[in-house]
Amino acid sequence: MNIVAHFPLFHTLFKNGKVIIVNPIQSLFHLTANSSAQNLSLPFFRKGQLFHGKVIKLLPNDFALLEIGGTRLNAKLEVGLSAGRRYWFQVEQNEPFPRLKMIPVEGAEKTPANRSTEVLLKQIGLPPTASNKALVSFFAKEGLPFSKAFLQKASPWLANRDVAESLLVIKTIITRQFPIQTDVFQALSSLIKPKPLAVQLQQLSNVLTTISKQTQPVQQLKASLATVLQTITIPIDENGSAIPFPLRQMIHQLGFSYENALFRALKGNALAKDVDALVKTLKPSLLAVLGEDIPVHVKEMVQETIHRLTGQQLLFAGEDPLQQLFFQLPFSIGGRPSDVFIQYQGKKKNGTVDADYCRVLFYLELESLKETVIDVHIQNRMMTIRIYNENKQLEQIAKPLQSVLKERLNDLDYHLASIQWVDLDAKQGRPSPIQSIDGMVSYQGVDMKI
């Protein structure tokens with residue numbers, strides 16, 4: 001039974017009475033797409049778009065109250081309809097009020113997944129291919145508007161891909177109003193990958209050494225990868241504790257702020273030396289290599305890595321006062337490459353992250369401890385930590401390290417209030433929901449005591 005209960009970010013499922021966390025990235029898409037879909041505004045519907053909706057109530061002067069994917073709006077209709085029935089509509093105009101045209105499609109008032117999709121496709125002049133029917137049925141079920149041009153653009157995206165995952169990415173593109181471009185779809189789709197980013201970067205680094213033409217861009221990319229791989233390797237100190245993971249440094253080295261820095265430079269708001277340093281980070285180094293004469297399989301690996309970085313940048317976008325983000329960072333501990341998934345929520349203070357009041361979730365897949373979630377609450381720089389893991393001995397094993405953690409937090413002017421250990425098998429102590437993911441984060445380091 002699929003649920004989103006133990007953590008709103010991470011899809012969970014009960015198997016043999018045990019909670020198992022699966023695919024944080026896919027859960028992210030469910031969270032952001034559903035959150036955005038619930039807040040669709042009237043300008044979201046544009047002239048010429050089609051959507052499947054239900055007539056809730058007939059109003060005077062040919063107006064009606066409609067329900068579209070959980071959103072209700074008043075619209076003027078050209079023909080009389082029946083309350084309680086579902087229809088296909090096309091937007092004739094959007095201002096000063098929406099005017100809709102009902103598309104006569106046989107069976108549209110019944111369940112969306114019937115033959116009415118084929119009739120609709122014929123009405124708008126598109127072939128009833130499996131991809132087109134899947135898209136129309138999905139849009140009808142979700143109450144999402146679409147156009148003929150969008151169907152023509154998105155239909156090939158479903159070819160040779162997991163249809164459910166592709167539809168979820170398409171929903172994110174629509175609800176977040178991203179550009180309807182293949183590159184955007186590929187960037188977001190690349191995030192739903194079983195291979196850790198850390199492994200992908202190491203494989204790319206290895207294959208670059210096999211290229212016969214070691215041009216300057218290739219050498220720069222090798223250097224950028226070497227810097228990243230060195231940073232993500234977490235050493236162990238003499239006390240057996242993991243050295244703090246330099247989160248801010250890693251975000252910079254991956255090149256997440258590259259485009260913003262260039263934009264500031266064009267406006268004269270960035271120093272030349274800062275832009276020069278960013279050019280040598282990973283993403284711009286990857287982009288530079290695409291123009292080189294390199295083997296096709298290497299270019300494909302480079303492009304895939306660019307997509308994964310760009311996908312995260314797209315999900316960072318947001319102007320809300322509530323600063324939110326989700327990102328996936330590579331790391332390696334004990335020689336085993338993996339990724340750490342981080343979700344952050346907090347308010348902005350003077351235009352930046354308010355580190356005094358925030359919440360951070362860390363998801364790690366570790367070699368011995370397996371799935372581990374660390375839930376950190378900070379209130380007035382007082383930190384409460386909950387650690388979720390199915391290993392019942394973990395609390396006793398980690399107790400000797402708590403004093404070291406407390407000292408290092410004190411050095412950063414944070415105070416450890418408590419650490420709670422929660423057995424995932426216990427099905428209790430679930431964190432409260434975090435609504436969506438966007439934004440940027442700034443930290444000096446993250447202590448991970450294994």
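A residue is called buried here when its relative accessible area is under 20%, exposed when it is over 50%, and partly exposed in between, with a 1.4 Å probe and protein chains only. By that criterion S166 is buried, at a relative accessible area of 4%. The model is a predicted one, in which local features need pLDDT of at least 70 and side-chain atom pairs count only at pLDDT 80 or more, while totals for chains, interfaces and linings use all residues. Residues are numbered from 1 along each chain as its sequence is written, and side-chain values use heavy atoms, with hydrogens and water left out.

Helices (H or I, at least four residues) and strands (E, at least two) are DSSP runs, numbered from the N terminus. On that basis the protein has 15 helices and 15 strands. Of its 450 residues, 48% count as buried. Contact means heavy atoms within 4.5 Å. Among the contacts between residues at least 6 apart in sequence, 59% join residues at least 24 apart.

Two strands are taken to pair if DSSP finds at least two bridges between them. Five strands form a closed barrel in the order β4-β5-β6-β8-β7, and their pairing is mixed. Neighbouring strands of this sheet are turned by 60 degrees against each other on average, direction ignored. Here, as for the helices below, axes are lines fitted to C-alpha atoms, for helices over the stretch in contact, and angles run from 0 to 180 degrees between N-to-C directions.

Strand β4 (residues 50–59) takes part in two of the pairings described here. With strand β7 (residues 86–93), β4 pairs in the antiparallel sense over five bridges, and F51 stands opposite F89 in β7. Strand β5 (residues 63–68) is also joined to β4 by five bridges, and these two strands run antiparallel; L58 stands opposite A64 in β5. The hairpin of β4 and β5 has three residues between the strands, and N61 takes a positive phi near 60 degrees there.

G143 counts as buried, at 3% relative accessibility. Not counting residues up to four places away in sequence, G143 touches H52, I68 and G69. The C-alpha atoms of G143 and K54 are separated by 9.6 Å, although the two residues are 89 residues apart along the chain.

Turning to the helices, S166 is placed in helix α5. Leaving aside neighbours within four places in sequence, S166 is in contact with W157, L158, R161 and F185. Helix α12 (residues 282–289) is mostly covered, with six of its eight residues buried. These buried residues are L282, K283, P284, S285, L286 and V289.

Two packed helices are described by the angle between their axes and the distance between the axes. For helix α8 (residues 216–232) and helix α9 (residues 247–254), the axes come within 10 Å and cross at roughly 160 degrees. That crossing makes α8 roughly antiparallel to α9, a class for angles over 145 degrees, where under 35 counts as roughly parallel, 65 to 115 as roughly perpendicular and the rest as oblique. The crossing of α8 and α9 is left-handed, meaning that the near helix is turned anticlockwise from the far one by less than a right angle, whereas clockwise would be right-handed. At the contact, T227, V228, T231 and I232 in α8 meet Q249, M250, Q253 and L254 in α9. The residues of this contact divide into four nonpolar, four polar and no charged. In this division Ala, Val, Leu, Ile, Met, Phe, Trp, Tyr, Cys and Pro count as nonpolar, Asp, Glu, Lys and Arg as charged, and the others, Gly among them, as polar.

Some backbone angles also deserve a look. Most residues other than glycine have a negative phi. Q177, which is not a glycine, has a positive phi of about 55 degrees. Q177 is found in the loop between α5 (163–175) and α6 (182–189), and at 48% relative accessibility Q177 counts as partly exposed. K370 likewise has a positive phi, near 60 degrees, in a residue other than glycine. K370 lies in strand β13 (residues 370–379) and is partly exposed, with a relative accessible area of 40%.
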